[in-house]
Amino acid sequence: MRISELTFIVAIAGMISSCGKTGQLCDVNGHNLWFHSLSEGKAQILSEDKSTMSIADNEIHNYWKGKQTVSCLLLNDAEPELGNEGYRIEFSKNDIHIYSNTETGVLYGVYDLLRRQETDGIMSDGQVTEIPAFDVRILNHWDNPNLTVERGFAGQSLWKWEELPDRVRPEYEEYARANASVGINATVLNNVNADPCMLTPEYLEKVRVLADIFRPYGIKVYLSLNFAAPKHLAGLGTSDPLDADVIRFWNDKVAEIYSIIPDFGGFLVKANSEGQSGPQDYGRTHADGANMIADALKPYGGIVMWRAFVYAATAEDRAMQAVDEFMPLDGQFHSNVIIQIKNGPIDFQPREPFSPLFGQMEKTKMMVEVQVTQEYLGHSNHLVYLHPMWKECLDSDTYMRGEGSTVAKVTEGKVLKYGMSAIAGVANIGDSVNWCGHHFAQANWYAFGRMAWNPELTSEQIADEWLKQTFTDNSKFVRPITELMLASRENTVHYEMPLGLHHIFAGAGHYGPGPWEQSMRRDWSPTFYHKAAADGIGFDRTMNGSGAVAQYHEPLKSLYDNVETCPEELILWFHHLPWDYTMKNGETLWNALCHTYQHGINAAAAYIDTWASVRKYVDDWRWNQINDKLIRQAKDALWWRDACIGYFQQFSGMELPSDCSPVQHSYDDLRKFRLRISNYETPAPDALPEYGLIK
Ligand code: GCV
């Protein structure tokens with residue numbers, strides 16, 4: 001082994017006693033995230049010296065409890081196969097060595113070691129090598145300069161723009177540390193519905209402060225841009241991407257940004273979508289727009305993440321529009337453009353098939369965008385562990401180049417050679433004391449990072465390690481709560497929109513049910529998606545309907561097209577079926593709907609009992625807060641079932657099966673009142689909104 005430089009860190013063993021390990025109960029507010037068992041519930045800011053190596057040094061010094069001496073060895077590219085961020089840990093009886101080419105890789109190795117310490121992963125001998133699957137593992141914050149967070153349910157924005165650059169809150173470094181500990185290496189600070197002010201010198205100076213704090217933790221800063229910035233900021237008469245003044249504006253703006261933030265990552269762009277400006281305003285294509293920005297970034301190594309979330313009110317089937325719009329542009333995007341695609345073709349629904357675009361573009365880099373914030377999954381009131389949903393997408397086979405071309409492999413750049421890969425998660429973080437509004441929502445932030453590092457990890461493994469670090473490693477707690485977490489996403493599908501139903505939320509808040517709602521735009525109306533009528537329910541996307549199945553490669557196209565082979569959990573996504581259609585188990589579609597909803601409400605009610613059974617393993621503060629939210633979740637599940645079944649029953653004319661619990665809310669009440677969610681954006685951090693009157 002060639003080791004060009006050696007940094008030696010001596011660990012002090014046995015310094016910390018831990019709540020988690022000893023089973024001792026501490027009252028904590030959740031602010032310590034998954035560092036709970038390390039830090040005994042005390043917030044810790046690390047060393048004064050903010051170099052990456054000193055941070056690594058301090059983490060070991062403060063938190064390593066083992067007997068072995070830990071040393072970190074910087075290889076300085078002596079082992080190219082480890083890349084820029086990979087590391088190797090070698091275990092022996094007396095020593096542990098962490099090797100990496102870079103300081104960031106060493107830091108990742110240190111966090112791996114500490115995770116192993118808390119989750120029984122320390123080996124007496126042997127070695128592990130870790131290399132991240134995706135190059136850019138990025139959080140997307142939908143945070144606005146006025147401190148609101150679009151679809152944020154954990155208080156206000158973490159970024160206190162009015163205080164920056166002068167006042168620097170400790171949470172900024174805590175955020176960086178949390179991200180580094182799970183391998184997240186990038187962040188987009190502002191909303192994709194971007195305020196142009198973010199690119200002004202005043203705001204860039206604020207961004208610089210955050211970038212400086214994040215840098216030693218291996219995190220690069222990116223920004224969302226407003227495509228009309230040349231008009232807004234420079235007073236140009238146009239933002240046409242082929243206009244010479246516009247091109248000059250972006251070249252100058254990018255040069256300015258790099259003079260302030262030399263390792264700036266690049267831009268995220270939402271263009272010609274939901275009212276945002278874009279190249280089509282000037283008769284240009286998405287490729288024209290993306291390439292113009294990409295060319296400005298290229299000399300500095302920056303990238304453009306250009307979103308494929310586009311749809312128009314006029315289209316027959318919103319689920320088809322990304323493919324229709326982007327496929328003709330395949331091959332036209334420059335090498336530093338990557339198309340950012342939501343996991344499903346509509347919009348982060350509790351269950352969607354994977355977006356067919358992942359199987360279609362063969363000459364364009366693509367990345368997955370998942371939503372960590374629970375816009376459509378009960379906000380920060382419901383316990384829903386999202387990793388199973390994301391993994392379902394990543395493991396889906398696109399058949400782009402025959403069997404095995406999963407979404408993960410395509411976007412990792414293993415099916416077609418990409419040279420750059422990325423994955424994004426829309427953050428669920430705010431200034432709430434526990435960061436995410438619900439203590440269990442922290443698991444989704446954690447899981448996003450772990451998945452972005454290694455999409456092969458199972459949901460169970462991630463839940464298990466998160467629970468052990470966040471609460472206790474006592475198996476009497478970990479076993480039942482892991483099971484609860486693993487079932488939680490499917491249960492939420494069951495009580496919100498089973499069997500492939502989608503987009504049946506009330507109003508713009510996307511919290512409670514609104515199956516009866518008709519918006520001014522049909523593609524925002526629940527009735528457009530479920531199409532419940534006397535003849536049945538479901539959206540026909542077969543070759544006899546919208547034809548969306550044709551956007552999938554065989555054998556999926558035929559599988560989805562044929563009602564006999566279409567997976568039942570997606571049957572109403574692809575088919576419109578009569579109420580008495582016979583399901584695989586012999587019951588009618590109506591009865592299957594009722595039973596699935598019932599399953600969901602029973603499961604949500606059972607969470608309360610499971611949580612009661614682990615009462616003695618959890619501190620009072622967190623146990624009570626979670627318990628309150630579980631009660632709310634069970635009530636909401638019932639409300640969802642009553643609303644949907646009550647509404648659909650008008651068309652089916654069929655009775656609830658006798659083994660289902662009776663509907664408890666009258667249909668009139670359900671129509672008149674919505675589940676109150678006090679605010680479209682940023683409800684009070686730890687508030688438990690009551691049922692209320694919102695007409
Ligand atoms: C940031 C959905 C959400 C919007 C969000 C949009 C997007 O439509 O409801 O709040 O806007 O997706 O992803 O751009």
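1. A residue is called buried here when its relative accessible area is under 20%. By that cut-off, 10 of the 12 residues of helix 3 are buried, so helix 3 is largely enclosed by the rest of the structure. The model under review is a predicted one.

2. Overall make-up. The protein chain contains 21 helices and 12 strands. Of its 695 residues, 64% are buried. A compact globule with 695 residues would have a radius of gyration near 26 Å, and the protein chain has 25 Å, which agrees.

3. Helix 3. This helix covers residues 52-63, and its 12 residues should span 16 Å at 1.5 Å a residue; the end C-alpha atoms are 16 Å apart, which agrees. Its buried residues are Thr52, Met53, Ser54, Ile55, Ala56, Asn58, Glu59, Ile60, Asn62 and Tyr63.

4. Helix 5. Residues 170-181 form helix 5, for which 12 residues at 1.5 Å each should give a span of 16 Å; the end C-alpha atoms lie 17 Å apart, which agrees. As 10 of the 12 residues of helix 5 are buried, the rest of the structure largely encloses it. The buried residues are Tyr172, Glu173, Glu174, Tyr175, Ala176, Arg177, Ala178, Asn179, Ala180 and Ser181.

5. Burial of strand 12. Five of the five residues of strand 12 (residues 422-426) are buried, so the strand is largely enclosed by the rest of the structure. Ala422, Ala424 and Val426 point one way from strand 12, while Ile423 and Gly425 point the other way, and all are buried.

6. Partners of strand 12. Strand 5 (residues 136-140) pairs with strand 12 in the parallel sense, over five bridges. Within this pairing, Ala424 in strand 12 has Ile138 opposite it. Strand 11 (residues 366-371) also runs parallel to strand 12, and four bridges join the two. Here Val426 in strand 12 is the bridge partner of Gln371.

7. Strand 10. Residues 337-342 make up strand 10, which is mostly covered, with six of its six residues buried. Val337, Ile339 and Ile341 point one way from the strand, and Ile338, Gln340 and Lys342 the other way; all are buried. Strand 9 (residues 303-307) and strand 10 are paired in the parallel sense over four bridges.

8. Cavities. The structure holds seven cavities of 30 Å³ or more, and the volume of the largest cavity is about 100 Å³. Its lining consists of Ala308, Phe309, Val310, Tyr311, Arg318, Ala322, Ile341, Lys342, Gly344, Pro345, Ile346 and Ser355. By class, eight of the lining residues are nonpolar, two are polar and two are charged.

9. A link between two points above. Ile341 and Lys342, which point opposite ways from strand 10, are both among the residues that line the largest cavity.

Definitions and conventions:
Residues numbered from 1 in each chain as written. Predicted model: local features only at pLDDT ≥ 70, side-chain atom pairs only at ≥ 80, totals over all residues. Heavy atoms only, no water. Buried < 20%, exposed > 50% of the residue type's maximum accessible area, 1.4 Å probe, protein only. Pairing = 2+ DSSP bridges. Expected span 1.5 Å × (residues − 1). 1 Å grid on protein atoms, 1.4 Å probe; cavity = no way out; pocket = protein on both sides within 12 Å on 5 of 7 lines; lining within 4 Å. Points joined across faces, edges and corners; volume = space filled by probe spheres on them. Nonpolar A, V, L, I, M, F, W, Y, C, P; charged D, E, K, R; others polar. Rg over C-alpha atoms; globule rule 2.2 N^0.38 Å.
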